[in-house]
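Please read these notes with the model open beside them.

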Amino acid sequence: MNDETGTGTQDTPEGSPSAGTGTGTQTGPRPEPLRFFGTTWVNHDDGYTARRIAASAGSLLAAIAACLILRFAYQGIQIADVGSFVTLLVIAMFAICSALAFGHTWEAFKKRPDPDRQASLRGLLAIGFVGSLLAYFARSLVEAPSENLHRQEYEAAQTQHEKRTKRRTGNPSKKRRRS
């Protein structure tokens, strides 16, 4: 819920991690929102379970639709009568790229991928999109995809923030000088 100024103030109870995120009153790190989940992954509130079910069902339906589209492409190759070698090559390409995309996507849920490597794999991930959809489906059965990674980073940032703020208590200008 944003106000007219675009500051992004939210109506959240005091003490929650996102309390006062837009007003500047929060003194700690903010959780990074996840696609389709926002920051509901922090406390598993605001329809988190329903979002997980919807994300899981949506990615499975998208994977099924993609397989149907690939089936039509396969039928087009058969109608074109390009030969069994080309047909086998196309099937192998989609199968291998889907398997590699599944593995890459699954690992990206555990640790942040290298941006340069991600850019170089863009073509492979586009061809193996069915594998990425299936990885998203499988992961959303357990948790919001990348939730564990983001939770670890968020908790580490909170711990680091607490350590920093414990050292800096009070107004340093009013500190007594040693005699």
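1. Helices here are DSSP runs of H or I with at least four residues, numbered from the N terminus. The model itself is predicted. With that naming, α1 (48–80), α2 (84–108), α5 (129–142) and α6 (147–167) each give at least two residues to the lining of the largest pocket.

2. How many residues line the largest pocket? The lining has 25 residues, and Arg35, Thr105, Phe109, Tyr136 and Ser146 are the ones nearest the centre of the pocket. The volume of this pocket is about 680 Å³.

3. Which helix gives the largest share of that lining? The share of α1 is the largest, at four residues. Sorted by class, the lining of the largest pocket consists of 14 nonpolar, eight polar and three charged residues.

4. Two of the helices named above, α1 and α5, also pack against each other, with axes 8 Å apart and an angle of about 160 degrees. Angles over 145 degrees count as roughly antiparallel, so α1 is roughly antiparallel to α5. The crossing of α1 past α5 is left-handed.

5. Which residues make this contact? On the α1 side they are Arg52, Ala55, Ser56, Ser59, Leu60, Ala62, Ala63, Ala66, Cys67 and Leu70. On the α5 side they are Phe129, Val130, Leu133, Leu134, Tyr136, Phe137, Ser140, Leu141 and Val142. By class, the contact of α1 with α5 has 15 nonpolar, three polar and one charged residues.

How values were computed
Residues are numbered from 1 along each chain as its sequence is written. This is a predicted model: local features need pLDDT of at least 70, side-chain atom pairs count only at pLDDT 80 or more; totals for chains, interfaces and linings use all residues. Side-chain values use heavy atoms; hydrogens and water are left out. On a 1 Å grid over the protein atoms alone, a cavity is a set of points where a 1.4 Å probe fits but cannot get out, and a pocket is an open set with protein on both sides within 12 Å along at least five of seven lines; lining residues have an atom within 4 Å of a point. Grid points are joined across faces, edges and corners, and a volume is the space filled by probe spheres set on the points. Ala, Val, Leu, Ile, Met, Phe, Trp, Tyr, Cys and Pro count as nonpolar, Asp, Glu, Lys and Arg as charged, and the others, Gly among them, as polar. Axes are lines fitted to C-alpha atoms, for helices over the stretch in contact, and angles run from 0 to 180 degrees between N-to-C directions. Angles under 35 degrees count as roughly parallel, over 145 as roughly antiparallel, 65 to 115 as roughly perpendicular and the rest as oblique. A crossing is left-handed if the near helix is turned anticlockwise from the far one by less than a right angle, and right-handed if clockwise. Contact means heavy atoms within 4.5 Å.
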